[in-house]
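Please examine the sequence and the structure shown below before reading on. The briefing is arranged by topic.

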Amino acid sequence: MTRPGWQWPVALYLGAAGALTAVAFGGSSTVRALVVLVFLALCPGMAVVRVIGVGDGWAQLSLALALSFTLDTVVAGVLALMGAWSPSAALIVLVAITVGGAGIELGRRSAAEASA
Amino acid sequence: MYDIPTTDEAALRTLTAGPRAAGEQADTAEGGRESVVATVAAVAAVAAAVALWVNALAGINPRDIGGLGLVSSLPLTAFVALGLLTCSFCATLARRKHSMPLLALHVVALIFMVYGSTTLVEQVPSLNVTWRHAGIARFVMDTGGVDRSVDAYSNWPGFFIVLALATELTGLRDPIQLADWAPLAFNLLYLAPLVAIARSVRADRRLVWASVWIFYCANWVRQDYLSPQALVYLLFLAVLAVLLNWFPGPGTAWRPRWPGGSLLARAQARWPNEQAVADAVRVPARQRAALAIACVAIVAVVIPSHQLTPFAILFAAVALVALGQCSLRGLPLIVAVMTAAWVTFFAAPYLTGHLGEVGGQLGNVGGTVSKGVGDRVGGSSDHVIIVALRIAFTALLWGLAALGAVKWLRGRRDGLALVALALAPLTLVFLQAYGGEILLRAYLFQLPALALLAGALVVPASKRWRMGVGLGVLSAALLAGLLFTRFGNDRVLMFTKQEVQGIGRLYAAAPRNSILVAPSNNLAWQEQGYGAYRHVLMNRIFTTREGTTPQALAARLADYLAGRPAPAAFLIITRSVRNYDAEFGSSPWGKVANLERGVGRSPRFKLVYANPDVKIFRFVRTPGGGR
């Protein structure tokens, strides 16, 4: 079980903020593409994996990548199959998952510090 | 010769005798200086290898690539670069105090050099299916959904929906823009689960990196382009990583009651994998439950994204459970039920229309193997060499893995899971030929286990220099083979900018619902107007050799088109289609050159566009039925 830390939650918040900002500003650039792709490939899954508490670095990373694509597919797939296709809505849901997961880890960290 | 530990203590010693223990022994000032010099030398070697490689590839023109593929155009410096990287990796691995980040750096450099090379050479993304996949994702972007009546892809749409999402959010104009670096990106993504899988066997850390290195030296099947297979392969690897790391062993009260169960129970007792089981038991039950749910969720996304991979996961899970190597014993049933549910409720309309195609090959192993091997041996002499090398390369790795498995199982009390994972994908050949690709796909699914077992032949060894030399020889053989086996079809698979421009002109000229004919599927089309045109292949409509002269071919095609009402009909012939004909052999209907000559002379076709790589002919309909 990993101990809740602050580094990953902060990184996840930054990733989510970066993706939102990149999409909100619009246009097409390599920076925007990289920021969004890294967010989609890593952040939602890492938020969930950190909540589960997987500790091993490589296993944690592999599960985070797989769960990120899983969540991307589920969120976008549900929107597409419901006839409500909206990339922005999908991004907002994925950002919410990321921020929620990071928040849970920060909450656990605060609780652990309070009880210590 | 190195003796593999046979007891728990020995296994634990091997596990813990990693860099730290070795480093403590070598913790002298001289050793430290030596270590710094070796590290600097290794980093310099990696940098030099990458620079040499990039420089070597920069001068290659796709048009000059010969029948043996990219290797025919590689200058000497490219081989020097690969040799330098391999020597540096083996030397780093054989050092008394090996460094994980340094080994990882070598592997990343290898991934860049091998899997980024096509990107460095090609003018536009290669492989015709890449363009079709981009076209399906573009369809999702344009319509906001999928049309299940179009084809099989639309009945397994997961990947295309994600690709559409990524394209929209990145602000790119077209999904094909993500294709350039897809092989490199996917192979980098595979790195984490591959390391996690290798670490699950609690072997020497050197074997972890040696096996990952071997995987990237042996992944010739080229399923890492912008495709559903490439993405779900990552998910497949992640599922294996979860099962091997968190659910090893048989679980409680494992009493196989099926025929041969006692034999399996004895095998499980001989190779119980205690260390991994003991580690897994220490994981809290809630965390293991969450991981099981995560595993099922991943599989739930694999199923609507790819037809074959759910079965690869199913067979792997069945093999692990049957051999008492996986405590998540309900997983096979869950995968089977979910797959059946998808096929029944979502893909049924497609499958009912293609039952003969899909179900007719069930259990026909002879036909499947013939389609996957025998039917591919043909075409030009260069192509025959490439196919023969692929068969030899695969057989070599199978042979090495078999020897490695014998060594492993004789000396250790784990490893049965690896043998199960190496064998389970072979059962896929009982399903169907998968367009003649099933053996390639089976090899791909086997590869993580094959790499570990083959690596166990040379790593660890009693003397470090022997380990380095052994791995060096193995790597040299695999990399030499990889240059032919992976890139052997590049003359056919690579497209030029002129080809893409010509195809763009075709779609600009063709009204919706037009018939677009090509001699074969080897062209960068279907990226526009997916589902809005009728794409027709000569080798699908004419399967006999009746009338192969230029005049006869033009007349047959004109008659075919005259009988099918459409706003317009076009024939497109590209450089890659001609190359396909030359390398892979002519289709039963005849030669592309004859067809081109015939329609060029026929009054029933009019040349409407031409550039050095593309010719587009429009079928001229006449009031009397087009004749």
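The points that follow concern a pocket, a helix and several aromatic side chains.

The model is predicted. Its second largest pocket holds about 1000 Å³ of space. Helix α12 (residues 261–270) of chain B has buried residues as well as exposed ones. Over all chains, the count of aromatic pairs comes to 17.

**The second largest pocket**

- The volume of the second largest pocket is about 1000 Å³.
- The second largest pocket is lined by 33 residues, and those closest to its centre are A:Leu34, A:Leu37, B:Leu178, B:Trp181 and B:Ala185.

**Helix α12 of chain B**

- Four residues of helix α12 (residues 261–270) of chain B are buried, namely B:Gly261, B:Leu264, B:Ala267 and B:Gln268.
- These residues lie on the same side of α12(B), because they cover an arc of only 120° around the axis.
- On the face of α12(B) turned away from the buried side, the residues B:Ser262, B:Leu263 and B:Arg266 are exposed.

**Aromatic pairs and a cluster**

- There are 17 aromatic pairs over all chains.
- One of these pairs is formed by B:Phe159 and B:Phe160; the arrangement is edge-to-face, with 5.4 Å centre to centre and 75° between the planes.
- Both B:Phe159 and B:Phe160 are buried.
- B:Phe605 and B:Phe619 form a tilted aromatic pair, with 5.7 Å centre to centre and 55° between the planes.
- B:Phe605 belongs to strand β4 (residues 605–611) of chain B and B:Phe619 to strand β5 (residues 614–619) of chain B, so this pair ties together parts that are 14 residues apart in sequence.
- Buried means under 20% relative accessible area.
- B:Phe605 has a relative accessible area of 6% and is therefore buried.
- B:Phe619 counts as buried because its relative accessibility is 4%.
- One aromatic cluster is made up of B:Tyr190, B:Tyr233, B:Phe236 and B:Phe445.

Technical notes
Residues numbered from 1 in each chain as written. Chains lettered and ligands numbered in written order. Predicted model: local features only at pLDDT ≥ 70, side-chain atom pairs only at ≥ 80, totals over all residues. Heavy atoms only, no water. 1 Å grid on protein atoms, 1.4 Å probe; cavity = no way out; pocket = protein on both sides within 12 Å on 5 of 7 lines; lining within 4 Å. Points joined across faces, edges and corners; volume = space filled by probe spheres on them. Buried < 20%, exposed > 50% of the residue type's maximum accessible area, 1.4 Å probe, protein only. Helix = DSSP H or I, 4+ residues; strand = E, 2+ residues; numbered from the N terminus. Arc of directions from axis to C-beta. Phe/Tyr/Trp six-rings, centres within 6.5 Å; stacked < 30°, edge-to-face > 60°.
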